[in-house]
Amino acid sequence: MKKLLGSRWALGAALAAAAAFPFLAQAVEQPYLVRVAGVIGLFMILGLGLNFTLGYAGLFDLGFISFYAIGAYTTAIAMRAHVPAPLAIVLAVAITLAMRALLGLTILRLRGDYLAVVTMGFGEIARLVINNLDSLTNGPKGMQVRPWRPLACISPDPNVQYYLLILAGVSLAVVASRRIESSRVGRAWVAIREDEVAARLSGIPVREYKLLAFTLSAAFAGLAGALFALWEQFVTPESFVFWESVLVVSIVVLGGMGSIAGVLLGALILVGLPPLMQWTLSAEWINYRYLFFGLILVLATLFRPQGLLPSARRESELSS
Amino acid sequence: MTGPGPALLEVRDLAQHFGGLKAVDSVNLSIHEGEIVSVIGPNGAGKTTFFNVLTGVYPGTRGDILFEGRPIRGLPSHDIVARGVARTFQNIRLFSCMTALENVMVGRHSRTSQFLLGPLLRTRAYREEESAVESLAKEFLDFVGLRALGNELAKNLPYGAQRKLEVARALASEPKLLILDEPTAGMNQTECSDLVALARRVRERGVTVLLIEHQMRVVMDISDRVFVFDYGVKIAEGKPRQVVADARVIEAYLGREGA
């Protein structure tokens, strides 16, 4: 499976199939599937982002969704100020990166559980600020986002347009992850994860590299947030609750920390399953989805702690 | 001070206290370019603590460490590595789930500069640096005699090879001073003489070597000079023959006569 995903041809074929998907879904008159696939794609980008913090640097983060929120709200505010949409996306990524760097500078002295609690606290604070800062965010009423219709020449359906944009975003995130992972920076992260003292004494500025991994995560969250806001044309604090952070962590853990293919699979399962259940069983089931996530995660940690598609290195680290 | 060259490392009145415990106290010494110097002393004499202060693991409580005439005490470890001091560890600390080759490539970190844009855009400068790092890392593996094991995970290497891999990783940062913390610990006689030969070849490359060593045969064999530590204080220094005849050294190791 890993070899299959690793080969260039297989990747090209997967990409072509993914690009053809919305047209197929329309052909069989299931346009709803395009929306579901778009949301899965957004969480793939988020998962790949969190993978830098959780997978590469080994830092726990339970407030990641707040950066998705910052990306979405930055876009909404920029659109309200009549900034062109592509520039609004860039702005969202930049501001999300800056906020994340600031947070990292202040809290990365902490480790493990303490870090998890503080990031969770930040997530809640961010949501409360958005909820109460009426002048900027319009509070709990939410914000309308001026419509932007890219790729209108390919399809008139905004869902298809945004599906394709998100697919491009996922591809970008995969390529960026792969390239950084295999570089000098990626090697430094592995070294830090395996032995911090030895890494420092091999010349790696450990604190700076942790901050780097932590910060880079936000670029992906910012991008996903911007696409979400433009697609939905509406943002509200309700979309960025604590459980969404847990969902992103679950995606990375279930798929395999540090594994790009694993994160993609994790998002496909955890985001794709609830709508499928709702569709095949009944609408009632959606209320129990976190019960199922819990069950899946417990089973995964018991029987496959390295994740469904682990990176070779992580698997080896866990077994030693 | 005696020695073949100018002082590479000069330590003045160095101390590291942990509360009331004076792990290292008032240590003065200097090491010259091209020397092989051993630090010996009973267990708990403060040798490893001394090395930890030299390499920035501990900040030191008092005193100066001058490397090439510039103060380095209290600098972050990675800065000290960049200035040319590299080390190995008493308990082997390799990146166990990286290959031998990758371990040495990590050791090259402070001598390389490609950051994010290079790998993201696959620039020519990035590709050139990566291939240079890889071929240099192979040369260092070759130097310590591990070339054939480059693709093995570090944790799967035999014990003696792991010690040598630590040396290769340290050498990859092109140090002027290489610090070895008990390099022969747990080794059999063949592995020991291998390591002694390796230390000599490291010196031939122009690298000064400072080591903690317990096996007196090894100490007598390779050291130009010896420092003796006891209770955090340097109690003697000199050529190996002089030092083992020193009454204070014998007392530190064996106790006072008639006591």
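I count a residue as buried if 20 or more other C-beta atoms lie within 10 Å of its own. I am working from a predicted model.

**Entry 1: strand 7 of chain B**

I looked up burial first. Both faces of strand 7 of chain B are covered. Leu177(B), Ile179(B) and Asp181(B) lie on one side, and Leu178(B) and Leu180(B) on the other; all are buried. In a regular strand the side chains alternate between the two faces of the sheet. The strand spans residues 177–181, and five of its five residues are buried, so it is largely enclosed by the rest of the structure.

Next I looked up the partners. Strand 6 (residues 85–87) of chain B pairs with strand 7 of chain B in the parallel sense, over three bridges. There Arg87(B) stands opposite Ile179(B). Strand 8 of chain B is also a parallel partner of strand 7 of chain B, over five bridges. Asp181(B) has Ile212(B) in strand 8 of chain B as its bridge partner. I then followed the chain from strand 7 to strand 8 of chain B. It passes through helix 7 (residues 189–204) of chain B, and this β-α-β crossover is right-handed.

**Entry 2: strand 3 of chain B**

Which way do the residues of strand 3 of chain B point? Ile36(B), Ser38(B) and Ile40(B) point one way, and Val37(B) and Val39(B) the other way. All are buried. With five of the five residues of strand 3 (residues 36–40) of chain B buried, the strand is largely enclosed by the rest of the structure.

I found two parallel pairings here. Four bridges join strand 3 of chain B to strand 8 (residues 208–212) of chain B. Ser38(B) has Leu211(B) as its bridge partner in strand 8 of chain B. Four bridges also link strand 3 of chain B with strand 9 (residues 225–230) of chain B, again in the parallel sense. In strand 9 of chain B, Arg225(B) stands opposite Val37(B).

**Entry 3: the open sheet of chain B**

I moved on to an open sheet of four strands in chain B. Its order is 2-1-4-5, and the pairing is antiparallel. Why is one side of strand 2 and of strand 5 of chain B left without a neighbour in the sheet? Strand 2 (21–32) and strand 5 (70–71) stand at the edges, so each has a single partner strand.

For strand 5 of chain B I checked that partner. Two bridges join strand 4 (residues 62–67) of chain B to strand 5 of chain B, and the two run antiparallel. Leu66(B) has Pro71(B) in strand 5 of chain B as its bridge partner.

Helix 1 (residues 47–54) of chain B lies across strand 1 (7–18), strand 2 and strand 4 of chain B. I noted an angle of about 65° between helix 1 and strand 2 of chain B.

**Entry 4: where chain B touches chain A**

How many residues of chain B are in contact with chain A? I have 29 residues of chain B in contact with 24 residues of chain A. Helix 2 (77–83), helix 3 (100–107) and helix 4 (117–121) of chain B each supply at least two residues of that side of chain B. By class, this side of chain B has 13 nonpolar, ten polar and six charged residues.

**Entry 5: helix 5 of chain A**

Last, I looked up helix 5 (residues 85–107) of chain A. It has 23 residues and reaches 33 Å from its first C-alpha to its last, close to the 33 Å expected. Its buried residues include Ala88(A), Ile89(A), Val93(A), Arg100(A) and Leu103(A). The buried residues of helix 5 of chain A pack against helix 4 (65–80), helix 6 (112–132) and helix 11 (206–232) of chain A.

Conventions: Residues numbered from 1 in each chain as written. Chains lettered and ligands numbered in written order. Predicted model: local features only at pLDDT ≥ 70, side-chain atom pairs only at ≥ 80, totals over all residues. Pairing = 2+ DSSP bridges. Contact = placed C-beta atoms within 7 Å. Axes fitted to C-alpha atoms, helices over the stretch in contact; angles between N-to-C directions. Nonpolar A, V, L, I, M, F, W, Y, C, P; charged D, E, K, R; others polar. Expected span 1.5 Å × (residues − 1). Buried ≥ 20, exposed ≤ 12 C-beta atoms within 10 Å, placed from the backbone. Right-handed = clockwise from strand over helix to strand, strands pointing away.
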